[in-house]
Amino acid sequence: MFRKDLITAEIQRLAEVLARLMGLKLEGKLKDAQVLFNQSMENNFTLPISILEGDDLAAFENWLQESNLPPEKLDSLSEFLYYELGVSEERNKIIAPKLNLIYQYLSDKHKIVHLVNLHRQKIIQQYLS
């Protein structure tokens, strides 16, 4: 029960950070939003920006396997990355394949499939084509 409470609290905190991030974008404070996004990736998900921003999909896949993040946290990471899509075509090419890997990893390793994620995977295909 204690672990579940900790995970729930962490997910709630991440949701608050995501809401703040989206608010900054809506306010047009894109530099502040990028700083918050980068900090969240490194501090909350231990995902180095160099791996996220890099072209090496294998490096991201290695990070994904080695990070051993619980499925709830991976789902939160997918939320952060999903809302990065549509920023620019270049950004889409960087984020979409990695987001697709997260959904696949959730499905294969954790046997978790959400209807929302299935719909998002279809949307991601636009960015991968």
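Trainee: Which helix holds S40?
Mentor: Before that, note that this is a predicted model, where local features need pLDDT of at least 70, side-chain atom pairs count only at pLDDT 80 or more, and totals for chains, interfaces and linings use all residues. Residues are numbered from 1 along each chain as its sequence is written, and side-chain values use heavy atoms, with hydrogens and water left out. Helices here are DSSP runs of H or I with at least four residues, numbered from the N terminus. The stretch of residues 30–45 that includes S40 is helix α2.

Trainee: Is S40 buried or exposed?
Mentor: Buried means under 20% relative accessible area, exposed means over 50%, and partly exposed is in between, using a 1.4 Å probe and protein chains only. Leaving out residues up to four places away in sequence, S40 touches V17, F45 and F80, with contact meaning heavy atoms within 4.5 Å. The relative accessible area of S40 is 2%, so S40 is buried.

Trainee: How do α5 and α6 run relative to each other?
Mentor: Axes are lines fitted to C-alpha atoms over the stretch in contact, and angles run from 0 to 180 degrees between N-to-C directions. For α5 (residues 71–82) and α6 (residues 89–108), the axes come within 10 Å and cross at roughly 155°. Angles over 145 degrees count as roughly antiparallel, under 35 as roughly parallel, 65 to 115 as roughly perpendicular and the rest as oblique. That makes α5 and α6 roughly antiparallel.

Trainee: Which residues of α6 make the contact with α5?
Mentor: From α5 come P71, L74, D75, L77, S78, L81 and Y82. Facing them on α6 are I95, L99, I102, Y103, Y105 and L106.

Trainee: How many aromatic pairs does the whole structure have?
Mentor: Rings of Phe, Tyr and Trp (its six-membered ring) pair if their centres lie within 6.5 Å; planes under 30 degrees apart are stacked, over 60 edge-to-face and the rest tilted. Searching the whole structure on that basis gives three.

Trainee: What kind of pair do F60 and W63 form?
Mentor: They sit three residues apart in helix α4 (residues 57–67), about one helical turn. F60 is buried at 0%, and W63 is buried at 8%. With ring centres 5.5 Å apart and planes at 35°, the pair is tilted.

Trainee: And what about Y82 and Y83, what kind of pair is that?
Mentor: Y82 is buried at 17%, whereas Y83 is partly exposed at 33%. Their ring centres lie 5.6 Å apart with planes at 80°, so the pair is edge-to-face.

Definitions and conventions. Helix = DSSP H or I, 4+ residues; strand = E, 2+ residues; numbered from the N terminus.
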